[in-house]
Amino acid sequence: SCYQIHKMYIIAPIKNGMIIVDQHAAHERILYEEALASIQKGSGESQRLLFPITFDMSVDEKDIVMSSREYFDALGFDIQDFGGRSIAVSAMPATGFLEASHVEEAVREMVKALIEEKDKDILSAPQRRFAASFACGAAIKFGKELKQEEMNSLLNKLFAVQNPNICP
């Protein structure tokens, strides 16, 4: 079985010892590869929200969201213009760990990552850029306590990705 340390790392036994995994970076890698696949095929699994989540953004932030709706749609978000500086999110990606209570935070973190991105290669590749921003915004945060089955699921998914050794 796996163990969680300081609500940051997962320790798991492997054939010839043990492995220590950064839970945020691991989940970020998994989400990046899943998001990139969703964007490339043009659709991701969505989960409808019972009540839309509405919030205000700066004019620049809202412009980024509204001009990038095709990418948000492909990831599984359903975002509408709610007038003024507001947007309404009525569906979110069905990623397993993203909770409705964190949708606003995830969207804000995505926009922040898109604004602050300095890597020229990523900026010239919008699919990778959006996948990376989503992975960063939606990944499990440090301080989140994980159940045994959540740790197992995370490690199983991590070892199934193409590049499990680094976060995007």
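**Sheets and helices**

Tutor: Ser-46 has Pro-93 in S6 opposite it. The model is predicted, so to speak by its own terms: local features need pLDDT of at least 70, side-chain atom pairs count only at pLDDT 80 or more, and totals for chains, interfaces and linings use all residues. Residues are numbered from 1 along each chain as its sequence is written, and side-chain values use heavy atoms, without hydrogens and water.

Student: How many bridges join S4 to S6?
Tutor: Seven, and S4 and S6 (residues 86-93) run antiparallel. Strands here are DSSP runs of E, at least two residues, and helices are runs of H or I, at least four, numbered from the N terminus.

Student: What is the strand order in that open sheet?
Tutor: S4-S6-S5, with antiparallel pairing; two strands pair if DSSP finds at least two bridges between them. The edge strands are S4 (46-56) and S5 (78-81), each pairing on one side only. The twist averages 15° from one strand to the next.

Student: Now the sheet with S1. Which strands are its edges?
Tutor: The order is S1-S2-S3, open and antiparallel, and the edges are S1 (3-5) and S3 (17-22). Its twist averages 30° from one strand to the next.

Student: What is the bridge partner of Ile-5 in S2?
Tutor: Tyr-9. Three bridges join S1 to S2 (residues 9-14).

Student: Which helix runs at about 75° to S3?
Tutor: H1 (residues 23-41), which lies across S1, S2 and S3. Helix H7 (residues 148-158) also lies across S1, S2 and S3, at about 70° to S2. Angles run from 0 to 180 degrees between N-to-C directions, with axes fitted to C-alpha atoms, for helices over the stretch in contact, meaning heavy atoms within 4.5 Å.
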